[in-house]
Amino acid sequence: MAEADVRLKLETLQPSFSYKSRGAFNAVLRLIETGKPLPMLVTASAGNHGRALGHAAAEAGLTLTVYAAEKAPQVKLDAIRRTGALLRRCRDYDDAERQAKQHAASGNASYISAYAHPDVIAGAGTVGLEILEDWPEVDDIVVPIGGGGLISGIAIVAEASARTSVIGVEVEASAPFTHSIEAGRIVEIDVKPTLADGLAGNLDPDTPTFDIVRRLVRRIHVVSESHLKDAIRAIAAEE
């Protein structure tokens with residue numbers, strides 16, 4: 001269909017069913033390596049990061065509070081609870097991020113962003129390392145963009161390759177990078193409902209991912225909900 005040699009990186013096979021395990025475990029391990037008394041952890045999540053960080057916190061014997069959007073998929077919220085994390089429901093993802101950062105600032109808690117934390121970005125970058133180890137002649141790596149942690153990590157890895165480019169994909173209902181790059185700064189957008197719930201939300205004004213994406217990602221495509229549905233249907237039918 002694409003008239004190209006296309007391969008899929010199946011991060012759905014991770015223990016928490018997304019690539020988020022990489023960044024979550026890396027961030028927790030890096031905290032342990034500091035040797036300092038470990039604080040409680042707090043985060044905001046659309047679902048997958050909270051689930052992954054919940055597993056990492058449980059392995060390390062740490063307490064975690066996850067702020068999540070009220071309308072996040074129930075299966076993800078239930079999975080977060082099963083890790084032993086304390087779940088706080090919020091109006092939407094932007095509200096969850098605000099409350100999580102306030103929680104961390106008010107007490108002995110370490111905020112681990114789903115996409116803006118450097119150790120989370122580095123962990124996500126191992127996806128790019130594995131792609132280039134397995135397929136060094138790859139021309140393009142196509143990456144979905146929410147907060148930009150995954151594509152930032154992959155783009156940093158791919159920068160060392162002379163032939164490989166990184167292409168981002170945002171959904172029309174939530175395209176903060178496209179609008180922010182056009183404006184030359186991070187701007188707030190009106191986030192609409194989308195089937196890609198894990199990608200929806202505004203950017204943290206302090207995130208390093210905006211500059212990384214602007215500098216290292218070749219281009220970003222914005223796709224409609226109808227194209228998203230067609231793609232999911234094609235994956236299910238063909239793969």
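**Charged pairs, cores and strands**

R91 is exposed, with a relative accessibility of 54%; here buried means under 20% relative accessible area, exposed over 50%, and partly exposed in between, with a 1.4 Å probe and protein chains only. This is a predicted model, in which local features need pLDDT of at least 70 and side-chain atom pairs count only at pLDDT 80 or more, while totals for chains, interfaces and linings use all residues. Residues are numbered from 1 along each chain as its sequence is written, and side-chain values use heavy atoms, with hydrogens and water left out.

R91 forms a salt bridge with D92, at an N to O distance of 3.9 Å. The term salt bridge denotes a side-chain nitrogen of Lys or Arg within 4 Å of a carboxyl oxygen of Asp or Glu. D92 is partly exposed, at 29% relative accessible area. In general, side chains of opposite charge can pair when their charged atoms come close.

The whole structure contains 18 salt bridges according to the search. One of them joins E130 to K9, with 2.8 Å between the closest N and O atoms. Because E130 belongs to helix α5 (residues 118-134) and K9 to the segment before α1 (20-33), this pair ties together parts that are 121 residues apart in sequence. Helices (H or I, at least four residues) and strands (E, at least two) are DSSP runs, numbered from the N terminus. Both partners are partly exposed: E130 has a relative accessibility of 28%, and K9 has a relative accessible area of 34%.

A further salt bridge brings together the side chains of D78 and R81, at 3.5 Å from N to O. Both residues lie in helix α3 (residues 74-82), where they are three residues apart, about one turn of the helix. D78 is partly exposed at 30% relative accessibility, and R81 is likewise partly exposed at 40%.

The segment before α1 also contains V6, which is exposed at 53% relative accessibility. Together with L8, L10, L13 and I235, V6 forms a nonpolar patch on the surface, with about 510 Å² of accessible area in total. Patches are made of residues with over 30% relative accessible area and no salt bridge; like charges are joined within 9 Å, and nonpolar side chains (Val, Leu, Ile, Met, Phe, Trp, Tyr) within 5 Å. The areas come from the Shrake-Rupley method with a 1.4 Å probe, and for residues only the protein chains shown count as cover.

E3 lies in the segment before α1 and has a positive phi near 55°; E3 is exposed, with a relative accessible area of 83%. F17, also found in the segment before α1, has a positive phi near 70°. Most residues other than glycine have a negative phi.

The largest nonpolar core has 24 residues, among which V143, L150, I151, I154 and V166 touch the most other members. Such a core is a set of buried Ala, Val, Leu, Ile, Met, Phe, Trp, Tyr and Cys residues joined through side-chain atoms within 4.5 Å. Two or more residues of this core come from each of α5, β5 (140-144), α6 (149-158) and α8 (209-216), and α6 gives the largest share, six residues. L150 is in contact (heavy atoms within 4.5 Å) with Y19, A124, V127 and V143, leaving aside neighbours within four places in sequence. A second, separate core comprises 20 residues, including V66, A85, L87 and V120.

Strand β2 (residues 64-69) is mostly covered, six of its six residues being buried. L64, V66 and A68 point one way from β2, while T65, Y67 and A69 point the other way.

What does S174 touch, not counting residues up to four places away in sequence? The contacts of S174 are I189, V191, L199, A200 and G201. S174 lies in the loop between β6 (165-171) and α7 (176-183), and S174 is buried, at 0% relative accessibility.
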